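Hi everyone, thanks for making the time. I'd like to walk you through a structure, so let me put the sequence and the model up on the screen.

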Amino acid sequence: MNRRALVTVCALVCLLVATSLVVTAAQSTLRTKRELFIRQQLRQTDLLLDAAIELARQRIQLSPGYTGETWRPGESLSHYFDPQVKITVTRNEDATTVELTASVADIPPISDLAIGFVTRRSHQLIIKNTPSTNSEL
């Protein structure tokens, strides 16, 4: 009987070690998956900001009175929650300032304590006015 008890204890210890290895591997896989998703979302936000810079440049060139807009890409980023870009253009005698903010969220916010990840990138362009041209990027 003593031998059977020893074999049972050894089997239980091996089972415990194997279970902890599987749990650790699963946690590592989930953590890696989340990190890759966050990197992808950050890259998407950077690309959205680049598109906003180009959009602002074109709008300023086409319309001297352009003051900005809030732009939502829509279907092209449908797997994210409410991706948007806010463009604000202010002008004075010396320069035109363009402030851009791009944001992408992975889930809709349920509350202030919602578990999710929102990426935001901002950029500010200052375009000095010259006598020959009033706004040029």
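Let's start with a pair of charged side chains: E54 and R57 form a salt bridge, with their closest N and O atoms 2.5 Å apart. Before I go on, please keep in mind that this is a predicted model. Why do E54 and R57 sit about one helical turn apart? Both are in helix α1, and they are separated by about one turn because they are 3 residues apart there. As for the surface, E54 is partly exposed at 33% relative accessible area, and R57 is partly exposed too, at 24%.

How many salt bridges are there in total? The count comes to 3, so let me show you the other two as well. In one of them, R121 pairs with D46, and the closest N and O atoms are 2.9 Å apart. R121 lies in strand β4 while D46 is in helix α1, so this pair ties together parts that are 75 residues apart in sequence. R121 has a relative accessible area of 31%, which makes it partly exposed, and D46 is partly exposed at 26%.

The remaining pair is E69 with R59, whose side chains meet at 2.4 Å, N to O. Here E69 comes from strand β1, residues 68–71, and R59 from helix α1, so the link joins parts 10 residues apart in sequence. E69 is partly exposed, with 21% relative accessible area, and R59 counts as partly exposed at 34%.

Now let's step back to the overall layout. The protein chain has 1 helix and 4 strands, and from the N terminus the order is α-β-β-β-β. Of its 137 residues, 23% count as buried. The chain exposes about 10000 Å², with carbon and sulfur atoms supplying 59% of that. If you take contacts between residues at least 6 apart in sequence, 54% of them join residues at least 24 apart.

What about the inside? The largest nonpolar core has 17 residues, and those with the most contacts within it are V85, I87, V89, V98 and L100. The elements giving two or more residues to this core are α1 (2–62), β2 (81–91), β3 (95–105) and β4 (118–128). Which of them gives the most? That would be α1, with 6 residues. As general background, nonpolar side chains in soluble globular proteins tend to be buried together.

Setting aside its neighbours within four places in sequence, V98 is in contact with A56, I60, I87, T88, V89, H123, Q124, L125 and I127.

How many disulfides does the structure hold? It holds 0. In terms of accessibility, C10 is partly exposed at 40%, whereas C14 is exposed, with a relative accessible area of 54%.

Notes:
Residues are numbered from 1 along each chain as its sequence is written. This is a predicted model: local features need pLDDT of at least 70, side-chain atom pairs count only at pLDDT 80 or more; totals for chains, interfaces and linings use all residues. Side-chain values use heavy atoms; hydrogens and water are left out. A disulfide is a pair of cysteine sulfur atoms within 2.5 Å. Buried means under 20% relative accessible area, exposed over 50%, partly exposed in between (1.4 Å probe, protein chains only). Contact means heavy atoms within 4.5 Å. Accessible areas come from the Shrake-Rupley method with a 1.4 Å probe; for residues, only the protein chains shown count as cover. A nonpolar core is a set of buried Ala, Val, Leu, Ile, Met, Phe, Trp, Tyr and Cys residues joined through side-chain atoms within 4.5 Å. A salt bridge is a side-chain nitrogen of Lys or Arg within 4 Å of a carboxyl oxygen of Asp or Glu.
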